[in-house]
Amino acid sequence: MSSNSKSPSVLIVKIEPKIGDVFISLPFLYFVCNKFNNRFVFYVCSDTAADLLKSFNLPPNLVVVKIGNFTNLFGYARVIFRIFSFIITRKFEVVYFPSVDLSILLSIVFTIFLRTPVIYFNQRGLRGFFRNPFAFAFGYSYILPIGEGCAPFLFFFGYEKSFSIYSKYKSIASSNFKIRTVSTPQPFIIISPSAAEEKRKWPLDNYYQLCDCILSKTQFRIVFLQANKIFPPKTLEEADRLSFLNVSIHQVMQLIHQCDLFVGNDSGLAHIAALFNKPCVVVSCHPIGGDPFHANSPTRFSPATDLKY
């Protein structure tokens with residue numbers, strides 16, 4: 001297959017650099033590559049996402065296009081400019097936005113200037129209309145409280161079937177993970193106290209108490225992932241079945257793939273565990289009975305696994 005810029009192809013725009021966003025949308029990426037197996041699928045994503053995808057055997061018709069990360073308004077503008085520079089000379093059969101937070105400018109360019117069909121997935125219903133009315137008008141919107149990973153499949157399969165199709169392609173994505181054996185005695189539990197925001201972090205002392213409880217009542221080993229230097233109680237530092245590790249994200253992925261249970265905050269690592277269908281215990285900062293459309297709502301963003309507690 002020749003990647004001719006004039007040949008019709010498919011574009012997926014997923015520019016959020018967060019780890020969780022990458023793994024939530026990964027099954028949809030495999031689905032689109034399968035659905036359009038006679039087309040090239042261009043996946044425009046952050047540098048972070050592109051790096052994470054190196055750990056997977058990707059479909060042969062997938063072309064990953066890195067457009068940088070953004071942390072401020074200037075960085076966001078630079079990313080948008082790079083996307084425009086990429087698409088201006090190409091012909092796309094259809095464009096997918098598996099996100100609710102893309103710029104209105106992108107929607108206008110694709111739908112009017114490039115005359116390209118746009119599928120825009122908006123989980124916020126009428127709230128999404130006020131947030132991005134143009135994309136709402138030309139895209140696909142719904143108000144069902146369904147997990148973000150399943151959301152894009154609604155357009156193709158409807159509400160009932162979307163869950164099973166998502167699970168199918170989640171398994172396909174997981175089976176394409178490049179496994180590298182990590183020397184860790186089995187069985188073991190991963191505990192991860194990290195999260196992107198402070199409000200999502202369960203107090204560290206609570207995790208230490210949890211470690212004490214697991215070590216005293218079970219025979220499991222514990223791998224405690226520490227993103228920063230921490231100072232646990234001396235009794236835990238000297239525990240035989242407890243290891244404190246600070247390793248790269250790719251090594252973390254290998255560890256999660258081999259673990260027997262993942263315990264942690266609402267974070268990207270929890271979504272990695274869900275992709276590998278590991279049992280997950282996730283601590284959420286979202287209040288019981290809170291808004292199901294909130295950015296921290298487990299209804300929307302909890303790990304997509306049947307083994308969730």
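Guide: The largest nonpolar core has 48 residues, and those with the most contacts inside it are Phe23, Leu26, Val32, Phe56, Tyr96, Ile190 and Ile256. A nonpolar core here is a set of buried Ala, Val, Leu, Ile, Met, Phe, Trp, Tyr and Cys residues joined through side-chain atoms within 4.5 Å. Buried means under 20% relative accessible area, exposed means over 50%, and partly exposed lies in between (1.4 Å probe, protein chains only). With nine residues, helix 1 (residues 19-35) gives the most to this core. Helices (H or I, at least four residues) and strands (E, at least two) are DSSP runs, numbered from the N terminus.

The model is predicted: local features need pLDDT of at least 70, side-chain atom pairs count only at pLDDT 80 or more, and totals for chains, interfaces and linings use all residues. Residues are numbered from 1 along each chain as its sequence is written, and side-chain values use heavy atoms, with hydrogens and water left out.

Not counting residues up to four places away in sequence, Phe23 touches Leu52, Phe56, Tyr166, Met253, His271, Ile272 and Leu275; a contact means heavy atoms within 4.5 Å. His271, Ile272 and Leu275 are among the buried residues of helix 11. In helix 11 (residues 268-275), eight of its eight residues are buried.

After helix 11 comes Asn277, with a positive phi near 55°, although Asn277 is not a glycine. Asn277 sits in the loop between helix 11 and strand 11 (280-283). Because its relative accessibility is 36%, Asn277 counts as partly exposed.

Next, the strands. Four of the five residues of strand 8 (residues 221-225) are buried. Strand 8 pairs in the parallel sense with strand 7 (residues 188-192) over four bridges, and in the parallel sense with strand 9 (residues 242-245), also over four bridges. Two strands pair if DSSP finds at least two bridges between them. Phe224 in strand 8 stands opposite Ile191 and opposite Phe244 in strand 9. From strand 7 the chain passes through helix 8 (residues 204-217) to strand 8, a right-handed β-α-β crossover. Right-handed means that, with the strands pointing away from the viewer, the path from the first strand over the helix to the second runs clockwise.

Asp260 lies in the loop between helix 10 (249-258) and strand 10 (261-265) and, at 34% relative accessibility, is partly exposed. The C-alpha atoms of Asp260 and Phe188 are 5.7 Å apart, although 72 residues separate the two along the chain. The side chain of Asp260 reaches the backbone nitrogen of Phe188 at 2.9 Å. Such a polar contact is a pair of N or O atoms within 3.5 Å; within protein, one must be able to donate a hydrogen and the other to accept it, and residues adjacent in sequence count only if both atoms are side-chain atoms. Leaving aside neighbours within four places in sequence, Asp260 is also in contact with Gln186, Pro187, Phe220 and Pro279.

For the protein chain overall, 49% of its 309 residues count as buried. Among contacts between residues at least 6 apart in sequence, 60% join residues at least 24 apart.
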